[in-house]
Amino acid sequence: MPNPAPTVTLRNDVEIPQIGLGTSGMSPADSLRAVNSAIEVGYRHFDTAQAYGNESAVGTAIARSGLPRNEVFVTTKLRNRSHGLANARLALDRSLRELGLEYVDLYVIHWPLPMENRYIETWHGLERALEQGKARAIGVSNFQVEHLDRVLSAGTVLPAVNQIELHPRFNQAHLRRYCADHGIIVESASPLARGRSLELPIVTGLARKYRMSAAQIVLRWHIQSGTVALPKSTTPRRMAENHDVFSFSLESRDMALLDGLRADGRINPDPRRLDSTWAPVEP
Ligand code: A2P
């Protein structure tokens, strides 16, 4: 049995495995197969969302694995149409039904939709879910500094995570620093830039130096940066490779090389502009 991924500790002492399987863009059939294979190669952390349309498949694969509930970490996200205090409760109840679970380990607001100005109300809905034990931890996704500032001042519970697009071509140094200063763990969505980080000459050079794959170099950069990485794959061999990034470390000068890559390569929608008309694909 492969080793489980090491964990990091969220602000309320919940432990989150540092590698999880991202499932955005996966059909229900693909998600069922992918989660099943991922469990076989050692994954215990799965990231889904109401907007992905695959919660039921993810839940089915977990149930079929027979793993005890407390050995699996499951995250889902509140879809854009469910912003608001009462909607947040209904949305989580629906996700729990789809997943076939009594609680999720982490529940996050998928996008802030600043133009609708409802994310504070929604956040209070998540606080209630935490209080009721329907989520072990709560957080946000795609939130920028100005959105986090408002949640931090209005909330009675502070976000445990912020899941954001993050990869060496878009390293979000400022937002990461803000999160670190406020005890918010960063989760990296699209950590491989959907494969586009893997052909960067610096990455392929480091892959040769360390005798690891390009994906392992990029994921190791995430891990050593202190983030939780959520690589997607439907290929069991790649899933295994992506989970196997804890037996080597990058020297600090190589971390610096990756940190120094051009940082303007956003590939997912801009959270400041994305509104509820968006048809979900990524992240
Ligand atoms: P596949 O599903 O065919 O393995 P991200 O997590 O940044 O969104 O990237 C996901 C994309 O990267 C998918 O297209 C996936 O393809 C590909 N991918 C995932 N892991 C690897 C890997 N180890 N090597 C090469 N490509 C990978």
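Asp-13 is found in the loop between strand S1 (7-9) and strand S2 (15-17); strands (E, at least two residues) and helices (H or I, at least four) are DSSP runs, numbered from the N terminus. This is a predicted model, where local features need pLDDT of at least 70, side-chain atom pairs count only at pLDDT 80 or more, and totals for chains, interfaces and linings use all residues. Residues are numbered from 1 along each chain as its sequence is written, and side-chain values use heavy atoms, with hydrogens and water left out.

Most residues other than glycine have a negative phi. Asp-13 has a positive phi, as does Asn-117, which lies in the loop between S6 and H4. For accessibility, buried means under 20% relative accessible area, exposed over 50%, and partly exposed in between (1.4 Å probe, protein chains only).

| Residue | Phi | Relative accessible area |
|---|---|---|
| Asp-13 | near 75° | 61%, exposed |
| Asn-117 | about 50° | 47%, partly exposed |

Now to the helices. The 15 residues of helix H3 (residues 85-99) should span 21 Å at 1.5 Å a residue, and the end C-alpha atoms are 22 Å apart, which agrees; the expected span is 1.5 Å times one less than the number of residues. Buried in H3 are Ala-88, Ala-91, Leu-92, Ser-95, Leu-96 and Leu-99. They cover an arc of only 135° around the axis, so they sit on the same side of H3, the arc being that of the directions from the helix axis to the C-beta atoms. Leu-90 and Arg-97, on the other side of H3, are exposed. After H3 comes Gly-100, with a positive phi near 70°.

Helix H1 (residues 28-40) has 13 residues and reaches 18 Å from its first C-alpha to its last, close to the 18 Å expected. The cover over its buried residues includes strand S3 (21-22), strand S4 (45-47), H2 and H9.

Finally, the largest pocket has a volume of about 400 Å³. A pocket is an open set of points on a 1 Å grid where a 1.4 Å probe fits, with protein on both sides within 12 Å along at least five of seven lines; lining residues have an atom within 4 Å of a point. Of the 20 lining residues, the closest to the pocket centre are Leu-192, Gly-195, Leu-198, Lys-232 and Arg-238. H9 gives the most to this lining, with 3 residues.

How values were computed: Points joined across faces, edges and corners; volume = space filled by probe spheres on them. Contact = heavy atoms within 4.5 Å.
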